[in-house]
Every structure is written in C-alpha cells, then in structure tokens.
Amino acid sequence: MELLEIKMKTLTTVKDATYSDEDDAYVVQVEIQGFNDASVLAEVMTPLAEKYQAGELSNEQVVNELIDGVAKRYREPVELLPAKTVPVHVVRNGEKDYEVLMQDEYLLTFAQQS
C-alpha cells in the first residue's frame with residue numbers, strides 16, 4: 001500500500017498562507033485530520049505477538065503476517081484524530097509550480113504516532 005493511498009484517508013484544509021519577502025517563500029497553514037499509526041500497528045501486532053509467544057509463529061511468519069495485516073488494515077476505514085494545524089514552507093519553482101521544502105513538516109501529521 002502506497003503512502004498516497006493511506007494519505008487519501010485523511011482530511012486536509014488550507015487555513016491560511018502568507019508570503020515572506022525576506023525568505024522568498026510562503027508559509028501555508030494546513031489543518032490535517034490524520035490517524036494514529038501506532039494504534040493501527042498495535043491492532044495488527046497484538047494477536048501476532050500472542051501467537052508468537054505461544055510458539056505458533058516463527059519470526060519470519062510474524063514479519064510476513066505483520067506486513068500483510070497492516071496493508072490489509074489500511075485498506076479499511078481508519079478513525080481520524082482531531083485536526084492539527086501545521087505550517088508548511090513552500091517556494092515558487094518556475095512560473096506556475098511550487099515546491100514543499102520540508103515534507104516532514106506535514107507528512108508526520110497524516111500518520112501520527114500517539
């Protein structure tokens with residue numbers, strides 16, 4: 001499952017944008033309703049860990065089933081967290097294109113760890 005497919009399960013809204021002459025860049029305030037990646041992982045991992053502890057699965061089986069289970073789980077609906085607003089720094093790239101400099105600024109809000 002690709003990151004873009006998972007990202008499509010979230011909600012985003014551009015709240016505001018300001019331009020800085022000094023930096024020649026825009027700061028865009030983006031509101032994101034992401035999901036709790038850690039809870040999705042725990043949901044899949046918990047039964048696998050129990051089977052592993054009981055000797056029902058090998059290390060390799062746990063890894064394979066974890067990958068398959070997480071991919072399957074992300075094809076299903078995920079519960080969205082309350083919205084967070086994050087700043088995203090954007091620069092102009094040519095006449096009509098824009099580029100996000102630090103994608104981590106907002107990508108980590110789509111799949112949160114807590």
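Contact means heavy atoms within 4.5 Å. The model is predicted: local features need pLDDT of at least 70, side-chain atom pairs count only at pLDDT 80 or more, and totals for chains, interfaces and linings use all residues. Residues are numbered from 1 along each chain as its sequence is written, and side-chain values use heavy atoms, with hydrogens and water left out.

**View 1. Fold and overall dimensions.** Four helices and six strands make up the secondary structure of the protein. These are DSSP runs, numbered from the N terminus: helices are H or I with at least four residues, strands are E with at least two. The order along the sequence is α-β-β-β-α-α-β-β-α-β. The C-alpha atoms fill a box of roughly 65 × 25 × 20 Å along the principal axes. The radius of gyration is 19 Å, whereas a compact globule of 114 residues would have one near 13 Å. That radius is taken over C-alpha atoms, and the globule rule is 2.2 Å times the number of residues to the power 0.38. Among contacts with a separation of 6 or more, 61% join residues 24 or more positions apart.

View 2. The accessible surface comes to about 8,000 Å². Carbon and sulfur atoms hold 52% of that surface. Areas come from the Shrake-Rupley method with a 1.4 Å probe; for residues, only the protein chains shown count as cover. Buried residues make up 25% of the 114. Buried means under 20% relative accessible area, exposed over 50%, and partly exposed in between (1.4 Å probe, protein chains only). The protein carries 10 positive and 22 negative charges, and their mean positions are 7 Å apart. Lys and Arg count as positive, Asp and Glu as negative; His and the chain ends are not counted. Each charge is placed at NZ of Lys, CZ of Arg, CG of Asp or CD of Glu.

**View 3. The tyrosine cluster.** Tyr19, Tyr26 and Tyr98 form one aromatic cluster. Rings of Phe, Tyr and Trp (its six-membered ring) pair if their centres lie within 6.5 Å; planes under 30 degrees apart are stacked, over 60 edge-to-face, the rest tilted. The count comes to three aromatic pairs. Tyr19 and Tyr26 have ring centres 4.8 Å apart and planes at 55°, so this pair is tilted. Tyr19 is partly exposed at 40% relative accessible area. Tyr26 is also partly exposed, at 24%.

**View 4. Arg73 and its neighbours.** Arg73 is found in helix α3, residues 59-74. Its relative accessibility is 14%, so Arg73 counts as buried. Leaving out residues up to four places away in sequence, Arg73 touches Val40, Glu43, Val44 and Val78.
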